Each structure stands twice: as structure tokens, then as C-alpha cells.
Amino acid sequence: MHMNRRQAGTAVAALFAQTAAPATAQTAPLLPVGLFFQEPAMADAVLSPSGQSVALRIGSKDDRVRLSVLDLQTMKVTTVATFIDADVARVQWVNDQRLVFGVSDNRTAPADQREGTGLYAVNADGEGFRQLVRRSGSFFNDPVRTNELPWNNFLLGHLGAQDNDQVFIVQPEAYSDKGVDFIKLLRLDTRTSKTQDVEAPLNAFQWLIDGRGQLLAVLTEKDQTAALHFRDATTGNWRKLREFERFLGRDMTLQWAGPDGRIYVTASSDKGNAAVFTFDPANNRLSDKPVLSTPGFDIDPSFIANDNKLLGLRFTVDAEVTQWFDDDMKGHQAEVDRQLPATANTLQPSRRGASPFAVVRAFADLTPAVFYLYNKSSQKLTRLGAAMPDVKPAQMAAMDMVRFKARDGLEIPAYLTLPRGDIKKGLPLVVMVHGGPWVRGAAWGWNAEVQFLASRGYAVLQPEFRGSRGFGDRHFRAGFKQWGLAMQDDLTDAARWAIAQGTADPKRIAILGASYGGYAAMMGLAKDGDLFRCAVNWVGVSDLELLYSASWDDLPAEYKRYGMPVMVGDPKNDAAQLKATSPVHNTARIKNPLLMAYGGVDRRVPIEHGKRMRDALAKAGNANVEWIEYAKEGHGWALAETRVDFWTRVENFLSRHLTASA
């Protein structure tokens, strides 16, 4: 298993304004806020199927993200797509001569954005541009607009054969702002815009397509039931093989179809963690032993392959790692690691052909992604560009995974980042709570928010509290109906662990988070005001009852009806618990300072949550509340200027309330 990473201990001018004094003494000037929250200069580098070209998404503080192609024979870079009012996003090679991509808008607030991302195709030399899916905008050339599809058609990640001009798209047939009931799978010709339906069972939401572009299996979802269907290779008929509960953890997840006909899935191992197995649809059986399993971690891999065989698996444990099955790739990995010893390095080889090239993405906790071209024949590395070239690793802070025991004995993973400098004990601490909450919160690598806080002198602790995914089924299910209860206790226990280690000053601890993390920050003040001196909540849930009753949010009705009653609480049978664990009903217990920020067009956690909490705190007599409303933002901050403004306010808030004399 490859896991090379450095161990612990070893756009406008306003965006770069310095602000409040650091939380602890600093010998160097503060790094500007905007350094951490700028858009990437190079967002991606994608090798063509035969390894003859590299597609690059390139931007800057002053320019839109554009699509360029590097010809590896001539080393000439050609800009093939750039927009006046949009940024190129999600590039995929159709074949060796043609690319397809969507767009986003990094400079327009969610309230003013269009509904769709559009879809476009262009040749690697810049010719043959065509708009495939509608989005009003301006390209530097007038696109061909014949037979454009409506905005609600989206590119599917499956690559197919990559030897023709077709890609797969999905087209919702019955949908609303709360979800989708029926999705069609289509083949789209990127030169003619013609589509062809791909026959599949109704209610399909996941598709397994092999390297020849043939649909083999689907996962359907309806109400609380998910089902796995396979197409019979002989008759072409569909067979339903398995049914399981839709929201509470799937029995099996489709992953990849190999060139040798093997089907790869993830399913629970005998140790309770998700592992990779092969699956025999003819007998509806998993392999007796997993292809890959790592105790304590769920494996959700990406598959690295060529047209002939599986080369390796890439997945995340404490950090992103690669398990190579191919001896040649093991050797190339070792050589790249030798040349780039301070980073974790992922290699993307070509899918077919005799190309000597691979694209390398190098990253670390101190280093945002840097892209290289590696010549396997000469072993030469050529730097293509960096995501954030202004970030200097020597100025960043080290992150490492730690583990602590919760009060009931459950082991909780967490990531601890300590500020640079000689002082590692008695630090002001920020407990950063991830959203979701049924997701994995973090992985080893560079994180803008964490690094910003560390640059201001704070230790940052990110607990993977119970209910978080990625650490086994037991860990996930231990969070059911535990909002404000054991899930909350895990955060308190995290802070107390940091105190016991000597890392944290017990009088200078804050709790901070967004969405569920914002909920937990407010509950932290309500339950443990003696521990958490202050809290920062952005776009956080304040009223659990409102999660069920609000009709203006975007939570799917099926999730509210079938998932939330089991995972969060039943609105009838658990009504008393939901009320008791809602911050809005605990405002009399909140005495310490609280900063709250909400987006005016947030559909996931509507601003009503924030307003109810603000008004209830005022009624309870708490004058230590700071309120921020970004009228055109949604569930999180889309604009760089919003991120800079918000984190400047957070910096000032923490500086006031976590000083040694406060």
C-alpha cells in the first residue's frame, strides 16, 4: 500500500487585507486572509485516453477558469474554451481528439445564478466547438445551437469506450426542487447532439457501465427501498437480485466492471467496515474474501485501469492512498515518491497505447495540489502548475490523525492541526465540527479553513464523531437519534482529551461549524458553556422540529418520511427529545458569545432557522450574539469575497473571546 506523506513535526486587493491580532504571539506578520480563500490557479489536469495530451483547467485572480490542452508531442498549450461569464468545470475526454465539459460561475452569488451548468464539447485543437445542453452565456465564438438539450441534462461520470464521439448523460423526467423521481440514461453524440435512450429499469439512480460502454447493472430507489438489478448477458432481460433499506446503509454499492468481466462492489466485511469484493450476478454472491479491506476504515475506491486490466485502487484511510496491483506502476510510484518526498503523490496513467506519460497530483497537509507530468521512460518530472501557488508550505501547519475514547468507550478518530512555532502546549483550541452529519468530515491534506485558523495561532481539532461515515457501520449507526446527545458528548470529550494531553488551554476553547456543525456549536454552548467559551455557527440547524415541517427547504420528502425518523428522531414518538435537543429551545442556557451567519437563499437550512434562534436568544436576554446575513448566498459561501469577509469576522470574534485575559 502506498501512503507517502510528510509526518508531523517535520479578486482584488481587499481580499488580501490583514486583520485582527493573532490569538497567540506571532513572530512573523499575519498571512492575508485572501491567501487561504482564493480560487485555484490550476483546478485540474486530465490525461487523454492514449496519453498524448493533457486537459488543463486554468484560472487566476483576474481571469475566468479556461480550458487548455497541452500537446505532449510538441509541448504546445492551446486554449480551447474560455467564457466571459462562466468558469470551465468538470472536464472529461470523449476520445483522444475531443473533450466535453460543463461550466460554473465562481463570481456570481447563488441568488443570481442560472439553474444549469450547461454542457459543451470541443476538439483538442480548439475546433468543433458545440453547445450540447442549454445555458445562456457568451462563448468567444458563437456556438452551434442546433438541437440543444434543456438545462436539466447532466454528464454522467462513466467514461465508456472512449473510442467514439458519445458520452452518457442523465435526464430527469419527473423532478422538483426537492428531488428526482425518475431519471433516464441517454447516449449523447457530442458532434451531432443526437441522443439515444439506454433501456433500464425505472427509478434507477446508479448505473454500472463497462469499458465497452455497455450498461450492466443499475441501483433503483423508491420510497425507503433500494434494489440491485442486473441485465442477463444472454437474454438482455433485467433481473432484480437484491433489495435493501435505502437510507440506513446499503447492502451493496456498485463500483466497477473490469475488462475481464469481473464486477467489483463495496459491501460490509465481517469486521463491519465497507470493503471491496467481486460479485457474481449469476449466483448473486460476493467473493468469499474481499479484494481490499482496511480495518477501521470504509473503502470507497476509485479504480485505476487500462483497457486490459485493473492496475490499482485509490481510496482514503487517514489520508488518500493507492494500492497498486501492477508491478510497473509500483515502480513508477516509488520513483515519483523519491523525487517528491514531501508530498503524497497520485499517478494517473494512460488508458491505452504506449504513451510514457502519467499525470501526478502531489499534495500534503502543508501543500495544496501541485500537478506534474511524469515520463515513465526518462523518469523526468515536469511541473504543470499549482492550485494555489502563493501558498508556501513553510508557512502552513501540520495535520495528523489522532484517536481518543469517548465517555462510553467508543473510539473516535479526529484530525489535530497545531500552529507553527515552538509552543505546542496550552494553546487556544477550536473544535471544528463537520456538517452532514452522515458524511466523512475530513482527510489528511491542505484545508483552507483549518490552515487559516492555525495561522492565527489556534490548534484545530476535527472529530469524526459517531454518525460520521468512513469508519465502519458500528460507528455510523452509533449516531442514530443522538443529535444533541452522544454525538454532542463526543465533541465535549474531544475538547477534554485535548486538555488532558496538555494541548489546549481549558480557558480558551471555542466550538465552530456549519450546517450540522453549526447546530452542534450552538448545542455546545447550551450543554457545556463551562467548557466552550464561545461558538461560531454558520448555516446551522436551530430547530429539529422545523427540519420536518418546513416546506420551503430542499430535503426530499422520502428522506423526511423514511430516513430522518430513524436517523434523527421520529417527529411524533420522539417529539420531546427533538424539542429538548433543539438549540432554539435551549437559549436560556446559552450565556457565552455566539456568532451566527446565514445565507438568504439557503434551501438546505433556510434562514428561518437562524432568525428563530436570534430572536429567541434576544428574548432570553443574551446580548453576546453577532448576526451576519449574506442575502445572496446559499448553504455555504460561494463567493471568495464572502469567504474573506466571513473569516475576517470569525478571526475578530475569536480574538476577542479567546484571549488569555478574556
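Biologist: How do you know that the length of α5 is close to the one expected at 1.5 Å a residue?

Modeller: In this predicted model, α5 has 15 residues and reaches 20 Å from its first C-alpha to its last. The expected value is 21 Å, and the helix comes close to that.

Biologist: What makes α5 largely enclosed by the rest of the structure?

Modeller: Buried means under 20% relative accessible area, and 12 of the 15 residues of α5 are buried, so the rest of the structure largely encloses the helix. Among them are M487, Q488, L491 and W497. The cover over these buried residues includes the strands β28, β29, β30, β31 and β32, along with helix α6.

Biologist: Nice, so to α6 next. Why is α5 called roughly perpendicular to α6?

Modeller: The two helices pack at an angle of about 75°, with their axes 10 Å apart. Angles from 65 to 115 degrees count as roughly perpendicular, and therefore α5 gets that description relative to α6.

Biologist: Which residues of α5 and α6 meet there?

Modeller: From α5 come M487, Q488, D489 and L491; from α6 come Y516, Y519, A520, M523, G524 and K527. The residues of this contact divide into six nonpolar, two polar and two charged.

Biologist: Happy with that! Why does M523 count as buried?

Modeller: M523, found in helix α6, has 1% relative accessibility. The cut-off for buried is under 20%, so M523 counts as buried. Leaving aside residues up to four places away in sequence, M523 touches G484, Q488, D528, T581, S582, P583 and N586. M523 and Q488 are 35 residues apart in sequence, yet 7.5 Å apart in space, C-alpha to C-alpha.

Key: Residues are numbered from 1 along each chain as its sequence is written. This is a predicted model: local features need pLDDT of at least 70, side-chain atom pairs count only at pLDDT 80 or more; totals for chains, interfaces and linings use all residues. Side-chain values use heavy atoms; hydrogens and water are left out. Axes are lines fitted to C-alpha atoms, for helices over the stretch in contact, and angles run from 0 to 180 degrees between N-to-C directions. Helices (H or I, at least four residues) and strands (E, at least two) are DSSP runs, numbered from the N terminus. Angles under 35 degrees count as roughly parallel, over 145 as roughly antiparallel, 65 to 115 as roughly perpendicular and the rest as oblique. Contact means heavy atoms within 4.5 Å. Ala, Val, Leu, Ile, Met, Phe, Trp, Tyr, Cys and Pro count as nonpolar, Asp, Glu, Lys and Arg as charged, and the others, Gly among them, as polar. Buried means under 20% relative accessible area, exposed over 50%, partly exposed in between (1.4 Å probe, protein chains only). The expected span of a helix is 1.5 Å times one less than its number of residues.
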